[in-house]
Amino acid sequence: MTEQAETASAPARRGRFITFEGGEGVGKSTQIAHLDRRLRERGVTTLSSREPGGSPFAEACRTLILDSAVAPQSALAQALLFSAARADHLDASIRPALEAGTWVLCDRFADSTRAYQGAAGGVDDEALALLDRLVVAETRPDLTILLDLDPKIGLMRADLRRTAATPGNFIRADTFESRKLDFHQRLRAGFLAIAKAEPARVGVFDAMQNELTLADAIWRFVEGRFALGAP
Ligand code: TYD
């Protein structure tokens with residue numbers, strides 16, 4: 001498509017959109033910080049965001065859905081709430097940033113809905129595909145980094161993270177951390193199935209690796225995909 005044709009149908013997307021996905025405690029935020037720093041060193045303007053969240057409305061949804069005392073139990077209701085938050089995050093933040101040439105790094109996106117509410121939660125694929133068409137539309141990620149980990153280890157790491165964040169205080173596991181192990185096993189299989197179906201978009205990385213080794217592997221994957229200036 002020529003640039004002119006692109007402008008006529010939809011705003012040109014100049015930045016790249018990279019999402020990070022995986023189960024609980026896989027270390028996404030640490031790896032996003034590494035990639036963000038390396039991209040900036042190459043002169044790329046970046047925006048790191050997260051889901052649920054990334055806009056005032058979506059952050060309010062986050063508070064609702066992660067509080068296990070008020071969160072909806074139905075996976076369909078959860079998918080609708082995550083989608084409402086995502087629609088606002090896209091309009092308020094992601095699309096304007098991409099149009100301005102900023103690269104957006106997002107901690108979770110639509111694959112999380114497919115894995116948590118779909119593969120693990122039981123909402124059927126067609127319903128989720130319809131939501132994707134309505135909400136994500138053309139703003140699909142260019143690249144997705146899937147951090148894969150045995151959920152027994154991931155849940156243990158998530159537990160440690162909670163305790164370390166508030167020593168001496170008990171913070172209960174959120175809506176999804178508190179699910180049984182078989183939920184997290186279905187979740188892992190769901191993410192791996194997405195990667196298998198879309199190998200050009202999704203790269204799978206072993207999250208047991210040492211933090212810096214993993215950051216290097218992710219960097220090689222990103223660098224191999226996009227033309228980046230010299231450091
Ligand atoms: P968060 O504290 O950000 O967890 P993590 O550090 O593991 O990313 O909480 C987000 C939770 O919401 C997480 O358990 C995954 C869940 N989630 C869904 O179930 N569906 C979704 O579409 C999204 C974006 C998140």
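Contact here means that heavy atoms lie within 4.5 Å, and by that rule Pro 72, leaving aside its neighbours within four places in sequence, is in contact with Ile 65, Ala 77, Gln 78 and Leu 81. This is a predicted model, in which local features need pLDDT of at least 70 and side-chain atom pairs count only at pLDDT 80 or more, while totals for chains, interfaces and linings use all residues. Residues are numbered from 1 along each chain as its sequence is written, and side-chain values use heavy atoms, with hydrogens and water left out. Helices (H or I, at least four residues) and strands (E, at least two) are DSSP runs, numbered from the N terminus. Buried means under 20% relative accessible area, exposed over 50%, and partly exposed in between, with a 1.4 Å probe and protein chains only.

- Pro 72 lies in the loop between helix 3 (56–66) and helix 4, and Pro 72 is partly exposed, with a relative accessible area of 23%.
- The C-alpha atoms of Pro 72 and Thr 175 are separated by 9.2 Å, although these residues are 103 residues apart along the chain.
- Ser 93 belongs to helix 4 (residues 75–99) and is buried, its relative accessible area being 14%.
- Apart from its neighbours within four places in sequence, Ser 93 is in contact with Leu 47, Gly 54 and Asp 88.

**Aromatic pairs**

- The structure holds 7 aromatic pairs, where rings of Phe, Tyr and Trp (its six-membered ring) pair if their centres lie within 6.5 Å, and planes under 30 degrees apart count as stacked, over 60 as edge-to-face and the rest as tilted.
- The rings of Phe 17 and Phe 109 have their centres 5.0 Å apart and their planes at 80 degrees, so this pair is edge-to-face.
- Because Phe 17 lies in strand 1 (residues 17–22) and Phe 109 in the loop between strand 3 (103–107) and helix 5 (110–120), the pair ties together parts that are 92 residues apart in sequence.
- Both Phe 17 and Phe 109 are buried.
- Phe 205 and Phe 221 form an aromatic pair that is also edge-to-face, at 5.4 Å centre to centre and with 70 degrees between the planes.
- Phe 205 lies in strand 5 (residues 202–206) and Phe 221 in helix 9 (residues 211–225), so this pair ties together parts that are 16 residues apart in sequence.
- Phe 205 counts as buried at 10% relative accessibility, and Phe 221 is buried with a relative accessible area of 18%.
- One aromatic cluster is formed by Phe 82, Tyr 116, Phe 176, Phe 183 and Phe 191.

**Charges over rings**

- A charge sits over a ring if NZ of Lys or CZ of Arg is within 6 Å of the ring centre and within 35 degrees of the ring normal.
- Arg 86 lies over the face of Phe 109, at 5.3 Å from the ring centre, and Arg 179 lies over the face of Phe 183, at 5.1 Å from the ring centre.

**Nonpolar cores**

- A nonpolar core is a set of buried Ala, Val, Leu, Ile, Met, Phe, Trp, Tyr and Cys residues joined through side-chain atoms within 4.5 Å.
- The largest nonpolar core has 23 residues, and those with the most contacts inside it are Ile 18, Ile 145 and Val 222.
- Two or more residues of this core come from each of strand 1, helix 2 (28–41), strand 3, strand 4 (143–148) and helix 9, and helix 9 gives the most, with 6 residues.
- A second, separate core of 17 residues includes Ala 58, Cys 61, Ile 65 and Ala 195.

**Helix 9**

- The buried residues of helix 9 are Leu 214, Ala 215, Ala 217, Ile 218, Trp 219, Phe 221 and Val 222, and what covers them includes strand 1, helix 2, strand 3, strand 4 and strand 5.

**Thr 144**

- Thr 144 lies in strand 4 and counts as buried at 1% relative accessibility.
- A polar contact is a pair of N or O atoms within 3.5 Å; within protein, one must be able to donate a hydrogen and the other to accept it, and residues adjacent in sequence count only if both atoms are side-chain atoms.
- The side chain of Thr 144 is joined to that of Thr 19 by a polar contact of 2.7 Å, and a polar contact of 2.7 Å also joins the side chains of Thr 144 and Arg 201.
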